[in-house]
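Trainee: Hi! I've just opened this one and could use a hand finding my way around. Can we look at it together?

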Amino acid sequence: MFCNTGLECLQYSIEIIYPLPELLFNVFLLAISLSLKNIPGRSWLTAFAICSLISLIFYIIPTYFPIYTEFFDAFRFTTHLIYQFSLFILLPVFLFNLWSSKTLNLSAASILFSWRGRVTRSIYWGAGIANAVLFLIIIDGIITNDYFPSEETWLSIGLKYFTVLTVLGFSIWANLIITIKRWHDLNMSGWMTLCLLIPFIGAIGCIIYLGFVKGKKDKNRFGEALIQ
């Protein structure tokens with residue numbers, strides 16, 4: 001791209017330089033996450049840095065190589081979703097892992113992916129809010145026309161839906177696990193989660209009961225009590 005006036009040259013220079021600090025920050029963050037081997041939940045921080053870096057690269061390449069703009073536009077929704085997933089899910093899970101490892105002596109992975117044990121009301125609400133935010137992000141990306149170029153390839157379409165299904169699968173599974181363990185905290189079987197299938201009153205009743213009833217303070221058949 002060539003500029004004809006000083007103002008155009010300045011504007012173009014700003015467009016070239018503007019993404020570089022964020023790019024360097026993500027590279028630095030990735031290097032830090034790979035070097036700090038003893039930090040709890042390092043894999044979550046590494047995943048956040050990688051996803052953010054990939055998304056940023058897809059956004060800034062058309063700035064330096066405008067000829068490829070249409071190609072990269074076909075992947076805008078996918079990169080947007082990956083970035084939002086890393087920002088609103090991977091980074092909070094990393095921070096949550098730091099807290100849970102120190103306070104509860106449990107990793108975020110064991111809380112989010114293992115159906116054994118118990119969780120508190122605060123963890124239940126946190127998982128629910130994160131799940132709602134992620135769902136709204138997906139809906140926002142779908143209804144926003146800016147993320148849908150006029151021409152898409154089979155690769156961009158396939159990757160788009162694969163990313164959506166992967167993110168939704170992660171979110172739904174983690175939310176299901178948290179719900180089961182919340183029933184455990186109330187000394188009830190995780191099969192009570194099936195109450196969510198009752199039309200209308202099932203979901204509302206479960207949310208109210210699981211979200212506001214305090215768990216048993218003492219150890220029960222599902223394990224030790226966590227901090228309420």
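Trainee: Which residues is Phe 85 in contact with, leaving aside its neighbours within four places in sequence?
Mentor: Those are Leu 90, Leu 134, Val 167 and Phe 170. Keep in mind that this is a predicted model.

Trainee: And which residues touch the most other members of the largest nonpolar core?
Mentor: Phe 85 is one of them, along with Trp 44 and Ile 178. That core has 39 residues. Helices α2, α3, α5, α6, α7, α8 and α9 each give two or more residues to this core, and the largest share, eight residues, comes from α3.

Trainee: New topic: is Ser 33 buried or exposed?
Mentor: Ser 33 has 1% relative accessibility, so it counts as buried. You'll find Ser 33 in helix α2, residues 20–35.

Trainee: What is Ser 33 in contact with, apart from neighbours within four places in sequence?
Mentor: Arg 42, Leu 45 and Thr 46. With Thr 46, there is a side-chain to side-chain polar contact of 3.3 Å.

Trainee: How far apart are the end C-alpha atoms of α8?
Mentor: They are 46 Å apart. At 1.5 Å a residue, the 32 residues of α8 should span 46 Å, so the two values agree. After α8 comes Asn 187, which has a positive phi, near 60 degrees.

Trainee: Which element has the lowest mean pLDDT?
Mentor: Helix α1, residues 6–17, at 55, while helix α9 has the highest, at 87. The chain averages 79, and 82% of the residues score at least 70. Where pLDDT is low, the predicted coordinates should not be read in detail.

Methods
Residues are numbered from 1 along each chain as its sequence is written. This is a predicted model: local features need pLDDT of at least 70, side-chain atom pairs count only at pLDDT 80 or more; totals for chains, interfaces and linings use all residues. Side-chain values use heavy atoms; hydrogens and water are left out. Helices (H or I, at least four residues) and strands (E, at least two) are DSSP runs, numbered from the N terminus. The expected span of a helix is 1.5 Å times one less than its number of residues. pLDDT is the predictor's confidence in each residue, from 0 to 100. Buried means under 20% relative accessible area, exposed over 50%, partly exposed in between (1.4 Å probe, protein chains only). A polar contact is a pair of N or O atoms within 3.5 Å; within protein, one must be able to donate a hydrogen and the other to accept it, and residues adjacent in sequence count only if both atoms are side-chain atoms. Contact means heavy atoms within 4.5 Å. A nonpolar core is a set of buried Ala, Val, Leu, Ile, Met, Phe, Trp, Tyr and Cys residues joined through side-chain atoms within 4.5 Å.
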